[in-house]
Amino acid sequence: MRVLLIGANGYLGRFVADRLLADPAVQLTALGRGDDADVRFDLASGSPGALTRFLDAVHPGVVINCAGATRGGARELTRHNTVAVATVCEALRRSGCGARLVQIGCGAEYGPSQPGSSTPEDAVPRPGGPYGVSKLAATELVLGSGLDAVVLRVFSPAGPGTPAGSPLGRLAEALRRAMQAGDGELKLGGLGVQRDFIDVRDVARAVHAASLSAAQGVINIGSGRAVRLRDAAAVLARVAGYSGSLHELDGPPGPPMRPAIGHPRPEPDHVAPVSYPYPDGCGSWQQADVRTARDRLGWRPRINLEESLADIWMEAACRI
């Protein structure tokens with residue numbers, strides 16, 4: 001099976017590439033903006049015609065799109081998350097390869113949900129920020145393309161390679177600094193949100209399964225369990241062997257402010273309240289209904305959050 005992987009050097013793409021390369025039946029070609037891609041191509045600025053010519057030459061059976069941006073202004077997010085996907089869809093429509101498309105979406109497309117609830121695929125999306133809006137627009141382009149396509153809505157990925165700027169990455173970095181400085185108290189802000197964390201290696205397994213399946217439409221990829229960020233912080237401290245205490249900084253409700261997770265040793269008059277430490281526009285709660293992934297892909301998560309956090313800490317500890 002010939003597979004074209006777009007975004008192979010990104011956080012998710014690296015693990016998807018590893019998973020596909022472990023399958024002897026897969027012949028993998030990586031397309032991206034970096035020098036180490038098999039083929040260099042920028043989806044945000046490249047033309048559908050140029051991509052069509054490449055598709056006709058390589059003739060993949062599956063195209064997996066892991067490319068995209070999680071940060072930036074609305075214009076940048078739209079360019080990398082929406083315009084880029086429009087280019088992929090148009091190129092596939094023009095091409096004679098007939099490839100199946102596996103698009104990586106995200107849980108932020110749903111927006112805030114009711115605490116205690118599990119979000120199914122037929123929930124009405126109400127994204128609360130430009131990132132979720134740009135990804136939802138991409139999903140709608142894929143679903144309306146007429147292609148053989150599936151969108152995997154990945155909730156909160158965790159595990160090795162977690163970006164340092166993510167909430168879990170900031171927690172690990174704050175813990176590393178505290179242990180390096182010998183601080184007996186670690187002050188953290190904005191830990192009240194609850195998210196559905198899913199290990200990035202389980203995401204890669206889901207992408208592999210979706211590539212081989214005939215499933216179409218939207219499929220949630222998550223653990224099916226919301227975890228409070230303060231509980232994740234406690235587990236991270238335990239696996240790190242941190243013997244100090246965790247002190248949570250709570251503030252009154254207010255407008256969204258810069259995330260304050262892990263500010264080192266702040267003084268009380270310098271501490272700002274944090275209303276939305278997760279810049280995904282999803283409010284205080286998110287939990288995926290993952291029954292569709294089980295039923296249509298034969299997929300279940302295998303790696304628990306403690307293992308994911310241990311791997312995050314292992315990478316952070318190497319910087320001590």
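Strands β4 and β5 pair in the parallel sense over four bridges, where two strands count as paired if DSSP finds at least two bridges between them. Helices (H or I, at least four residues) and strands (E, at least two) are DSSP runs, numbered from the N terminus. At this pairing, Asn 65 stands opposite Gln 103 in β5.

Before I go on, a word on the source. The model is predicted: local features need pLDDT of at least 70, side-chain atom pairs count only at pLDDT 80 or more, and totals for chains, interfaces and linings use all residues. Residues are numbered from 1 along each chain as its sequence is written, and side-chain values use heavy atoms, with hydrogens and water left out.

Let me turn to the chain as a whole. Its secondary structure comes to nine helices and twelve strands. The radius of gyration is 20 Å, close to the 20 Å that the globule rule gives for 320 residues, so the chain is as compact as a globular protein of that length. That radius is taken over C-alpha atoms, and the rule is 2.2 Å times the number of residues to the power 0.38. The C-alpha trace spans about 65 × 40 × 35 Å along its principal axes.

Of the 320 residues, 52% count as buried. Buried means under 20% relative accessible area, exposed over 50%, and partly exposed in between, with a 1.4 Å probe and protein chains only. The chain exposes about 14,200 Å², and carbon and sulfur atoms supply 51% of that area; the areas come from the Shrake-Rupley method with a 1.4 Å probe. Contact means heavy atoms within 4.5 Å. Among contacts between residues at least 6 apart in sequence, 81% join residues at least 24 apart.

Now to the sheet that contains β4 and β5. Which strands stand at its edges? The sheet is open, has seven strands in the order β3-β2-β1-β4-β5-β6-β10, and shows parallel pairing. β3 (39-40) and β10 (217-221) stand at the edges, each with a single partner strand, so one side of each is left without a neighbour in the sheet.

On one side of β4, strand β1 (residues 2-6) pairs with β4 in the parallel sense over four bridges, and Leu 5 stands opposite Ile 64. Both faces of β4 are covered: Val 62 and Ile 64 on one side, and Val 63 and Asn 65 on the other, are all buried. Strand β5 (residues 100-106) in turn pairs with β6 (residues 149-154) in the parallel sense, over six bridges, and Val 102 stands opposite Val 150 in β6.

Ala 30 lies in strand β2 (residues 27-32) and is buried, at 14% relative accessible area. Leaving aside neighbours within four places in sequence, Ala 30 is in contact with Leu 5, Ala 8, Ala 37, Asp 38 and Val 39.

What packs against this region from the helices? The buried residues of helix α1 (residues 11-21) are Tyr 11, Leu 12, Gly 13, Phe 15, Val 16, Ala 17 and Leu 20. They pack against β1, β2, β4, β5, β7 (156-158) and α6 (200-212). In helix α3 (residues 74-94) we find Thr 87, which counts as buried at 6% relative accessibility. With neighbours within four places in sequence left aside, Thr 87 is in contact with Leu 43, Gly 46, Ser 47, Pro 48 and Leu 51.

One backbone detail deserves mention. Most residues other than glycine have a negative phi. His 59, although not a glycine, has a positive phi of about 55°. His 59 is found in the loop between α2 (48-58) and β4 (62-65), and is partly exposed, with a relative accessible area of 42%.

I close with strand β9 (residues 194-199). Six of its six residues are buried, so β9 is largely enclosed by the rest of the structure. Gln 194, Asp 196 and Ile 198 cover one face, and Arg 195, Phe 197 and Asp 199 are on the other. Three bridges join β9 to β7, and the two run parallel; Ala 158 has Asp 199 as its bridge partner in β9. Three bridges also join β9 to β11 (residues 226-228), here antiparallel, with Gln 194 opposite Arg 228.
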